[in-house]
Amino acid sequence: MDEHQVVWNEKVAQKIIKNLEKRRLAGSYAATSTQAKAEVLEMIPQGASVFRCGSMTAGNMGLWEAIAELPGVNLIDPYRPELSREEGLELRRQGMVADVMVAGTNAITLDGRLVNLDGMGNRVAAMAFGPKKVILMVGMNKVAPDLQSAIARVKHYAAPVNNIRYSFKNPCVETGLCSDCRSPQRICNIWSTIEGQIIEGRIHVKLVGEYLGY
Ligand code: SF4
């Protein structure tokens, strides 16, 4: 990240944080993923149950391993490779009532809206209601100027790249482009746009001055 991008990240992040607060979400900015990781670990109470969602951003910074080592913390991790499909689904259900959820977002708008698209829906459902605290790790590459461009970013970039990551048998893996398929492995089933919160500060968006995840 060169010095000019650093300045842009800081200025735009502060604008987004102000707009999040108007919507009763909390926000903060960390210039690096190392700093963001340390600050997020500080936010997790001793003995909490923590629901892991499939965030590349959190995974790449080693956040899951660090959370699992916190005193008394129970990491609800449906991504453990030894789990059967049914066991993974059961942990996703348990995650709905966790103390803390940690995830990413597919896009965030300058005016503070969170835009996400799920295959199964457990992530967007838990973002909306369930876990007492939701912490979202968001690289500045996820910023979109408005709702329309956020939706386009998710549909035409994040979804195909995530399909490629998981080697799903969907047409976008071959072409890199969305063809609005009807595949049984389609990961684009449930949209969510979070515009605000009744419980003030329940969602905390940790903006990070790096390009992280898709
Ligand atoms: S709708 Fe289908 S083709 Fe389009 S991104 Fe999603 S999985 Fe890929």
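What follows is a tutorial chat about sheets, helices, a core, a ligand shell and a few loop residues.

Q: What kind of model is this, and how are the residues numbered?
A: It's a predicted model, where local features need pLDDT of at least 70, side-chain atom pairs count only at pLDDT 80 or more, and totals for chains, interfaces and linings use all residues. Residues are numbered from 1 along each chain as its sequence is written.

Q: How do I read a sheet, and what is the order of the strands in the open sheet of 6 strands?
A: Start with the terms: helices (H or I, at least four residues) and strands (E, at least two) are DSSP runs, numbered from the N terminus. Two strands pair if DSSP finds at least two bridges between them. Here the 6 strands run β1-β10-β7-β4-β2-β3, and the pairing is parallel. β1 (26-30) and β3 (74-76) are the edges; each has a single partner strand, so one side of each has no neighbour in the sheet. On average, neighbouring strands of this sheet are turned by 20° against each other, direction ignored.

Q: How many bridges join β1 and β10?
A: β1 pairs with β10 (residues 203-208) in the parallel sense over 5 bridges. As an example, look at Ala-26, which stands opposite His-204 in β10.

Q: Which strands does helix α1 lie across?
A: You need two ideas for this. Residues are in contact if their C-beta atoms, placed from the backbone, lie within 7 Å. Axes are lines fitted to C-alpha atoms, for helices over the stretch in contact, and angles run from 0 to 180 degrees between N-to-C directions. Now find α1 (residues 3-22): this helix lies across β1 and β10 and runs at about 165° to β1. Helix α2 (residues 33-43) also packs on the sheet, where it touches β1, β7 and β10, and its direction makes about 160° with that of β10.

Q: What is the order of the open sheet formed by 4 strands?
A: That one goes β8-β5-β6-β9, with mixed pairing. Its edge strands are β8 (143-144) and β9, each pairing on one side only. β5 and β8 run parallel and are joined by 2 bridges, and Thr-109 has Ala-144 in β8 as its bridge partner. Helix α7 (residues 147-166) packs on this sheet, touching β5, β6, β8 and β9, at about 35° to the direction of β6.

Q: Which strands does β6 pair with in the antiparallel sense?
A: One partner is β5 (residues 107-109), over 2 bridges; the other is β9 (residues 190-194), over 5 bridges.

Q: Why is β6 largely enclosed by the rest of the structure?
A: Count neighbours: a residue is buried if 20 or more other C-beta atoms lie within 10 Å of its own, exposed if 12 or fewer, and partly exposed in between, with C-beta atoms placed from the backbone. In β6 (residues 114-118), 4 of the 5 residues are buried, so the strand is largely enclosed.

Q: How many residues are in the largest nonpolar core?
A: A nonpolar core is a set of buried Ala, Val, Leu, Ile, Met, Phe, Trp, Tyr and Cys residues joined through C-beta atoms within 7 Å. The largest one here has 49 residues, and Val-102 is among those with the most contacts inside it. Strand β7 (residues 133-139) gives this core its largest share, 5 residues. Leaving aside neighbours within four places in sequence, Val-102 is in contact with residues including Val-50, Leu-63 and Ile-135.

Q: Which helix gives the most residues to the shell around the ligand?
A: α7 does, with 3 residues.

Q: Is Asp-180 buried or exposed?
A: Asp-180 has 9 other C-beta atoms within 10 Å, so this residue is exposed. You'll find Asp-180 in the loop between α8 and β9, with a positive phi of about 50° although it is not a glycine.

How values were computed
Contact = placed C-beta atoms within 7 Å.
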